[in-house]
Amino acid sequence: MVVTGVKMDAVRFIVEGLINSFRIPQTSVHQLTYLAPTKTQVVGMLTNIMGKNERDYYTLLDKLGIGIVPLHINSIFNDAWTFKKWKSSGAGRDILQRERIYMGKFLIYVLTQDSHLLDDVMRSLKYPSRVPSLGMDDEMVIIREPQKITMESREESTVHSVFTLEEGMKFRYQPLATKVSNLFPPRVISVNLNFNNNVTPRKPTKFAQIVEFAGLSCEMSRNKDLYIDEEHQYNIEFL
């Protein structure tokens, strides 16, 4: 629970990719994409550019809160991938289709109570130890405008980031600006926010219903505990 009126330091930055795919795990032959990267994918990117390993990744999942504002998506398209299979039919190969996001732009916020960790995140965004990618390993992104800001918690009914949908909640949406093209209306999807890594293979442990969209803000039927970016006038929920 967020305590209203508390001020916290956070890191804000933009990621832009030419082609990215944030695969919805329940899809296989035709792999669909989320409109925005998930918390687990953003933390994976941060773990990578910080030069850390898989064990560090699970620690960061617990310590970091992630807020995501999908600013712009040019388009979504399908491409076809050829892959090897065990069966000999089709010369041992088959084809799957994958949804891809073309020219996506996302505003990312990172929040933690560990000030040293926040400094490490900020340093890595400026001077990454590895090439930043988001989604798949070869889907590189550009990191722009990393900045440390102070955010204050408040109860608000308007939200600009992807947000968790509570039981009985309703919402309506509107464009972020008067002239915005390629709007993607809200849709409710199931997202995993953490893993149990003590078993092999690891298992998702924390599912949430998330409302995602692009180029919009949403007006909710009741207030949520959010953090405010005063510069951009964005209200952010941290996952």
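Leaving aside its neighbours within four places in sequence, Met220 has contacts (heavy atoms within 4.5 Å) with Glu156, Ser157, Thr158, Val159, Phe163, Met169, Lys170, Phe171 and Leu226. The structure is a predicted model, in which local features need pLDDT of at least 70 and side-chain atom pairs count only at pLDDT 80 or more, while totals for chains, interfaces and linings use all residues. Residues are numbered from 1 along each chain as its sequence is written, and side-chain values use heavy atoms, with hydrogens and water left out.

Met220 is placed in strand β12. With a relative accessible area of 5%, Met220 is buried (buried denotes under 20% relative accessible area, exposed over 50%, and partly exposed the range in between, with a 1.4 Å probe and protein chains only). A separation of 9.5 Å is found between the C-alpha atoms of Met220 and Leu165, which lie 55 residues apart along the chain.

At the level of the whole protein chain, the secondary structure consists of 3 helices and 13 strands (DSSP runs numbered from the N terminus, with helices being H or I of at least four residues and strands E of at least two). The radius of gyration of the protein chain is 18 Å, close to the 18 Å given by the globule rule for 239 residues, so the chain is as compact as a globular protein of that length. This radius is taken over C-alpha atoms, and the globule rule is 2.2 Å times the number of residues to the power 0.38. The C-alpha trace spans about 65 × 40 × 30 Å along its principal axes.

Of the 239 residues in the protein chain, 46% are buried. Among contacts with a separation of 6 or more, 77% are accounted for by residues 24 or more positions apart. The chain carries 29 positive and 27 negative charges, whose mean positions are 6 Å apart. In this count Lys and Arg are positive and Asp and Glu negative, with His and the chain ends not counted; each charge is placed at NZ of Lys, CZ of Arg, CG of Asp or CD of Glu.

Strand pairing (at least two DSSP bridges between two strands) links β5 to two partners described here. Strand β1 (residues 7–20) pairs with β5 (residues 141–159) in the antiparallel sense over 10 bridges, and Ile14 has Arg144 of β5 as its bridge partner. Strand β5 is also joined to β12 (residues 216–229) by 7 bridges, again antiparallel; here Arg154 is partnered by Leu226 of β12. Within β5, Glu145 adopts a positive phi of about 55 degrees although it is not a glycine. At 57% relative accessibility, Glu145 counts as exposed.

An open sheet is formed by 3 strands in the order β6-β11-β8, with antiparallel pairing. Its edge strands are β6 (163–164) and β8 (184–192), each of which pairs on one side only. Between β8 and β11 (residues 207–214), which run antiparallel, there are 7 bridges, and Ser190 has Gln209 of β11 as its bridge partner.

Helix α1 (residues 39–49) has 9 of its 11 residues buried, so it is largely enclosed by the rest of the structure. The buried residues of α1 are Lys39, Thr40, Gln41, Val42, Val43, Met45, Leu46, Thr47 and Ile49. Just after α1, Gly51 takes a positive phi of about 75 degrees.

Two loop residues were also examined. Glu139 occurs in the loop between α3 (115–126) and β5 and is buried, with a relative accessible area of 2%. Apart from neighbours within four places in sequence, Glu139 contacts Ile19, Asn20, Ser21, Arg100, Ser133 and Leu134. Gln233 lies in the loop between β12 and β13 (234–236); its phi is near 60 degrees, a positive value in a residue other than glycine.

Gly65, in strand β3 (residues 65–84), is buried at a relative accessible area of 13%. Gly65 and Ile108 are 43 residues apart in sequence and 10 Å apart in space, C-alpha to C-alpha. Leaving aside neighbours within four places in sequence, the contacts of Gly65 are Tyr109, Val110, Leu111, Phe238 and Leu239.
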